[in-house]
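Please read it alongside the sequence and the coordinates.

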Amino acid sequence: MIHRLQRIVQEVNRAPDINAALLLITESLTQDLTVDACTIFLAKENDPEVMLLKACNGLNPDIIDRVERRFGEGLIGTIAARAEAMNLIDAPGHKKFLLVPESGEVDYPIFLGVPIIAHRDVLGVIAVQRAQNAFNEDEEAYLTTLAAQLATSIERAESQGRFSAPQGSHMVKGVAGAPGMAIGQAIVLNRGVNLESVPDKKADDLDSELRSFREAVRKVCAELTEQAEKMRESLPEEECALFLAYAQMLSGGSLIDDTEKSIAEGNWAPSSWRDTVEQHAYVFSQMEDRYLAERANDIRDLGLRVLRKLMLEQSPYLDFPERTKLAGDDVTATDLADVPPDCLSGVISARGSSSSHVAILAHALGIPAVMGVPNLPVKQLDGVPLVLDGYNGSAFINPDQNLLDEYTRYLAEEEAIEQDLLELKDKQAITTDRRPIKLMVNSGLMSDYTPSLRSGAEGVGLYRTEIPFQIRDRFPSEEEQYSIYKSVLETFDGMPVVLRTLDVGGDKPLSYFPINEANPFLGWRGVRITLDHPEIFVTQVRAMLRANVEINNLAILLPMISGRAELVDSLFLINRVRDEIEEESGDKVWLPRIGAMIEVPSAVYQIEDICSMVDFVSIGTNDLTQYLLAVDRNNENVAELFSSLHPAVLKAMQQIVIGAARSDTPVSVCGELAGDPLGVMALLGMGIDNLSMSVGSLLRAKKVIMSFSYSELTELLQRALTMSDSFMIRDLYAGKLDERGLGGLIRAGK
Ligand code: PEP
Ligand code: MG
């Protein structure tokens, strides 16, 4: 059964024409469940409370695209409204039964219908009918399983515009990744790593498009022939033949002809190739013969090889338009680095959440990011006008004039706020009842340094050393690290600089140090890796301590501390390295202040013990929230549940503050909450007086600090802690900001 299910779902995922795939599903189901009729209704895009018959088998096909059912109307509408299956032996006898006269369904009284649901939304209904034999439990379970699997595929197909390309102006909703607004043009970055995400695009120059396609094909052919030769030494002849067969497919025939035809019709080579490959693979996948059906994978494999070459040939965005909005299925931190900073003004990604690294980076660059937009029509987005609202996580595709006017006005207001904020840059961050707050920046890129100093940062509260590791293709040497660290320590001379030891693993991969785990966030991460690889840790600490010799403003922060043993081992190594360098050089080598990140729940409950061993602690609200709420910080399916203002997170942080106070250990916060105006209010109320944030948030945070008294924030926190969910807490703090006329700090328009 699982094979039948897989086959059906693959049909939808791979079919270039989804409507045709739905028809095929009804045919397959009619056979698999030995039924007389099968129908699929899907909710209409422009009116999701009404479903339209999209496919049927065994009934009069003329009713396709003509029969509609409102939620609650007829059996189909009732299934949708109740979000529940219906298994009937006498459908016409049911009070909700509605006959479609020209369908012929009255002959089939035995009825089973199940809803197709994705992310709590009913997308449609699948129903099967027959003349005799009631549906048994197995059949009901089979159809329910199929509908659940199809839901994701249908949702994806809808988002990719495979039912119909989205027309005109429309809004898509994700989650707020980085605050701010932007108006501009979307650019879809594609590295040719998968066929599905190649965007549609018209070719500017057909001849050059054709040339690059032929060149890519020629190179792949040459590689394949060479591989076949090499493999001959170690593989039997018939296995080598595969490479030659691949090369053969590229030497002419319909794969090549169809692509060239599509290019001649004005399409750029990558999407022409994508369509041809998908169509050919689809035809093979439908073949009854298992061997031939498997060939679909060969075609896709070949498709990818050529695509990769093609994308290398084509560098479509060497000239990024001004005000580029980078869009993609899963925009990554390194994608951002591909766009010149003065061209990039926003990010929108179908995957990810507010604490994904790409969002954090966008925040640091001061550009809005909208993350986790499940229905982002990535393929149709290239070159399309876009308005991004990073405050509430929405975007408008093809905005109409009214919307453009509205957001142009908001942008002007935002600009005015930014101008006002600039006046604060040399002022001390101090509450109205004169409690000073230290404002530091989170960094990891040299490009942050100047803006940080210009915004009046009082030091670096978190330097993510993994960023220089991630942009290389091998571990940086001690000397390379030495000069990176020295440059940040020197730039912020006279101010504290907190360098965090390497925090890779989880969602921060190193291409040259692959880690394959089923559960990466609960696996080999941060200090766990570096303690298992003391050679990496020691090299890094050596570089840090040496860079600090003449400056002495270094503090070292240890990520992912979950217990005493990790601290004992880290402190031992740091002390040993210090002694070694001192012995080697004869210079005085400072032992820096050493801190532990509190971002794993176990550390919250051991806070007093941890504080007895370190000079300071820094709360990582991103991971602390992820682990306390069991919400993956990068998973768009649960992004709505990720909130660092959740009462459980606030209570944990209060416990940290109380525990640390027993030994007078300073507490700072370096997660994203520290730069969120509402978070600033909550953290100050807790007694925290050291916040480290993306440079883009610094002046906003200062404005908030200077607008409230410590005593009123303490009282507000007490009220917040009695509340049962993060929405109430958010409203409480947002209401207070509005009272002070500061709503513009957290949303578009005042
Ligand atoms: C955090 O977890 O809050 C944090 C600051 O570290 P990172 O986001 O780099 O994991
Ligand atoms: Mg962290």
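Helices (H or I, at least four residues) and strands (E, at least two) are DSSP runs, numbered from the N terminus. The model is predicted, so local features need pLDDT of at least 70 and side-chain atom pairs count only at pLDDT 80 or more, while totals for chains, interfaces and linings use all residues. Residues are numbered from 1 along each chain as its sequence is written, chains are lettered from A and ligands numbered from 1 in the order in which they are written, and side-chain values use heavy atoms, with hydrogens and water left out.

**Helix α21 and the magnesium site**

Asn622 is placed in helix α21. Burial is judged by relative accessible area: buried means under 20%, exposed over 50%, and partly exposed in between (1.4 Å probe, protein chains only). Asn622 is buried at 6% relative accessibility. Contact here means heavy atoms within 4.5 Å. Not counting residues up to four places away in sequence, Asn622 touches Ser355, Ile360, Arg464, Arg633, Phe642, Gly671 and Glu672.

Gln626 also lies in helix α21, and its relative accessibility of 3% makes it buried. With neighbours within four places in sequence left aside, Gln626 is in contact with Phe521, Arg525, Val631, Asp632, Arg633 and Phe642.

Which residues coordinate the magnesium ion (ligand 2)? The ion is coordinated by Glu599 (OE) and Asp623 (OD), at 2.0 to 2.1 Å. Glu599 lies in the loop between β19 (593-598) and α19 (601-605), and Asp623 in helix α21 (residues 621-629), so the pair ties together parts that are 24 residues apart in sequence. Donors are N, O and S atoms within 2.8 Å of the metal (3.2 Å for Na, K and Ca); water is not among the atoms, so sites may look incomplete. Glu599 is buried, with a relative accessible area of 2%, and Asp623 is buried at 2% relative accessibility.

Two packed helices are described by the angle between their axes and the distance between the axes. Axes are lines fitted to C-alpha atoms, for helices over the stretch in contact, and angles run from 0 to 180 degrees between N-to-C directions.

| Helix pair | Axes come within | Crossing angle |
|---|---|---|
| α15 (residues 478-491) and α17 (residues 534-547) | 8 Å | roughly 40 degrees |
| α23 (residues 677-685) and α24 (residues 698-705) | 9 Å | roughly 50 degrees |
| α25 (residues 710-720) and α26 (residues 726-739) | 10 Å | roughly 155 degrees |

Angles under 35 degrees count as roughly parallel, over 145 as roughly antiparallel, 65 to 115 as roughly perpendicular and the rest as oblique. A crossing is left-handed if the near helix is turned anticlockwise from the far one by less than a right angle, and right-handed if clockwise. For the make-up of contacts, Ala, Val, Leu, Ile, Met, Phe, Trp, Tyr, Cys and Pro count as nonpolar, Asp, Glu, Lys and Arg as charged, and the others, Gly among them, as polar.

With axes crossing at roughly 40 degrees, α15 is oblique to α17. Their crossing is right-handed. On the α15 side the contact is made by Glu478, Glu479, Gln481, Tyr482, Tyr485, Lys486 and Leu489, and on the α17 side by Thr539, Gln540, Arg542, Ala543, Met544, Arg546 and Ala547. These residues divide into six nonpolar, three polar and five charged.

For the next pair, crossing at roughly 50 degrees, α23 is oblique to α24. The crossing of α23 and α24 is right-handed. Pro677, Val680, Met681 and Leu684 of α23 meet Ala701, Val704 and Ile705 of α24. By class, this contact has seven nonpolar residues, no polar and no charged ones.

Helices α25 and α26 are roughly antiparallel to each other, and their crossing is right-handed. In this pair, Leu716, Leu717, Arg719 and Ala720 of α25 meet Ile729, Leu732, Tyr733 and Lys736 of α26. The contact comprises six nonpolar, no polar and two charged residues.

**Individual residues**

Most residues other than glycine have a negative phi, and most peptide bonds are trans. Thr34 has a positive phi, near 40 degrees. Thr34 is found in the loop between α2 (18-32) and β1 (37-43) and is exposed, with a relative accessible area of 61%. Asn552 also has a positive phi, near 55 degrees. Asn552 lies in the loop between α17 and β18 (554-558) and is partly exposed, at 36% relative accessible area.

Tyr282 lies in helix α8 (residues 269-285) and is buried, with a relative accessible area of 14%. The C-alpha atoms of Tyr282 and Ala296 are separated by 6.7 Å, the two residues being 14 residues apart along the chain.
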